[in-house]
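Dear colleague,

Please read them with the structure open beside you.

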Amino acid sequence: MVSGWGGKVLRIDLSRRKFAIQPLDADMAFRYVGGRGFAIKTLWDELPPGVDPLSPLNKFIIAVGPLTALPIPNSGKLLVAAKSPLTGGYGDGNIGSWLAIHMRRAGVDMIIIEGRAERPTYLFIENKGEEFRVDFNDASDLWGLDAFTAEDRIKRIHGTDVGMILIGPAGENLVRFATVVAQKGRSGGRPGMGAVMGSKNLKAVVMRGHGEVKVADPMLRKIGLDAMVATKNKPNYPFWMRQGTTSTVEWAQEASVLPTYNFSEGRFDEYEKIGGFSVERSKITTRSCPQCIMACGHVVRDSENEPAELDYENIAMLGSNLGIGDLPKVAYLNRLADMMGMDTISTGSVLGFAMEATEKKLIKDGIEWGDHRRAAELIMDIAHGETELGRLLSLGVREASRRIGGEAPDFAMHVKGLEISAYDCHAAPGMALAFATSPIGAHHKDAWLISWEVQRGRFDYTREKVEKLVEMQDIRSGLFETIVTCRFPWVEVGLELDWYFRLFKAATGMDMNMSTLSQINNRIYTLIRAFWVREYGGWSREHDTPPAKWFKKPLTKGPLRGAKLDYDGYNRMLSWYYELRGWDENGIPRISTLRSLGLDFVIPQLQGIVKLSQ
């Protein structure tokens, strides 16, 4: 195996309680790099089409990349992936965890977990050189525990020098937006990756790796140190360290994109009480992923006087989106969701949906705007499936709205079943397109276009916006989701991309630039789209369209009151997007595109489902 990758794939069969170490195919490394690339190629190759995401046939994948765990800025990340029980398509998420470090120390690039354990189980993995040990440990005493308590117990058994990811009660009870959790505040896998673990009776994956990560060029350490110094010398770095992403509350309020009352408005009267300066005044400490120099977890005392970690997304979705203008109360809801192992973005969305459904008298015994005590009760109900409303909301807003019927689907804020991240798009068509074309559903991590769009023009439906979106997707997905490091040094303080190209060269000996990056991301994006088409049994433009509310219900507050999306303008942008990706007018990859990207193996399966264009 070439330098930069560990060269090992660890395959674990929970049903048979067996494991095997397999070599990482060099062509896989060169063409898919790591992380998301490894995950989608494995899921395409190994999942039976149409498989139930909660069945033993689904695969749970943990993958790192060639820059993970190296002495460079913010490298302690891994990616988890599976077919999503929330969306029915491809699902993944990245998360900071010491498990990423230990995988690299053991030379493991990917862990593939298949089957289903007979009883609650947690895995303990350790290597001694090339020899591996995988223990299938009884997790009966851990099952039912919140993620924070379970982590403490595991560390008492195995010591603090291990890495792990685990689930809370939400994952055990198959909440469709359950996440995996690490370090009492790191959370990832919004499309239900925690539910996939739960369906396999898998409480945790724990690992202790021994060894060194080998790279092509010993100068990597110096380049990495220089990159850290460059990051810390950026003008915005001191302010970032004070407020992190929480300063986005004030920016979003000013730009009229702060989600308020289930994305009905873009401005919130009490925003200052939950904004970055309020967080800064209340902060007691910060938390970070391993090997991080930009700690983004700002910890405050919540309404129960417990430490709770906050960032922008959970403040907005559990604060302004619910009409709650009290930082300690928002922090309490966030801590509950983290302990239960539930995605805070989706949690805020299902609660906001329930509040609007209550207001419209579509559900009984619901929840009023701003009721944080009832919101806390519902979080626990959702996680444990204790009430009819909790069980309904545990399915996510798409399925809940379908079951309620009537006008409910019009205010279910999702794309492809994944609840929308915390940016209102009544007056941001480029960001709406970013949500609609994200490969996992409506998530901001693939293209945070909105800041650029606010600067360049809010109401333009231009090809320039679409081209910028594709460029951002290439970087945010094709680079950071495959080399698997945090994107914050680049996106938040402006560390130049050239640093990552230099680091990739030093780690692997291979060149990378914007051209190769675009080719890699097009390959991955197109394979993910083929996976969606296969699993959905076809495709239409409706799957790439944002929620009806943004088109039908204009803003009523602030300087942009009256603003809403235009269907015709949006559809022009969507057509340009398909053209730039090499997909047809329905969003299905063309044969010529598949062949040019080396995805010929996709063609026979898709031709059995849809008519492919040349």
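**Aromatic contacts**

Arginine 581 lies over the face of tyrosine 525, at 4.5 Å from the ring centre, and lysine 41 is likewise placed over the face of phenylalanine 601, at 4.9 Å from the ring centre. Please keep in mind that this is a predicted model.

Because tyrosine 261 belongs to the loop between helix H9 (248–254) and helix H10 (276–282), while tryptophan 369 belongs to the loop between helix H13 (344–359) and helix H14 (372–384), the pair ties together parts that are 108 residues apart in sequence. Tyrosine 261 is partly exposed, its relative accessible area being 27%, and tryptophan 369 is also partly exposed, with a value of 23%.

A further pair is made by tyrosine 312 and tyrosine 423, with ring centres 5.3 Å apart and planes at 35°, so the pair counts as tilted. Since tyrosine 312 is found in helix H11 (residues 312–318) and tyrosine 423 in the loop between strand E17 (418–419) and helix H17 (429–437), this pair ties together parts that are 111 residues apart in sequence. Both tyrosine 312 and tyrosine 423 are buried, and together with Trp251 and Trp448 they form one aromatic cluster.

Conventions
Residues are numbered from 1 along each chain as its sequence is written. This is a predicted model: local features need pLDDT of at least 70, side-chain atom pairs count only at pLDDT 80 or more; totals for chains, interfaces and linings use all residues. Side-chain values use heavy atoms; hydrogens and water are left out. Helices (H or I, at least four residues) and strands (E, at least two) are DSSP runs, numbered from the N terminus. Buried means under 20% relative accessible area, exposed over 50%, partly exposed in between (1.4 Å probe, protein chains only). Rings of Phe, Tyr and Trp (its six-membered ring) pair if their centres lie within 6.5 Å; planes under 30 degrees apart count as stacked, over 60 as edge-to-face and the rest as tilted. A charge sits over a ring if NZ of Lys or CZ of Arg is within 6 Å of the ring centre and within 35 degrees of the ring normal.
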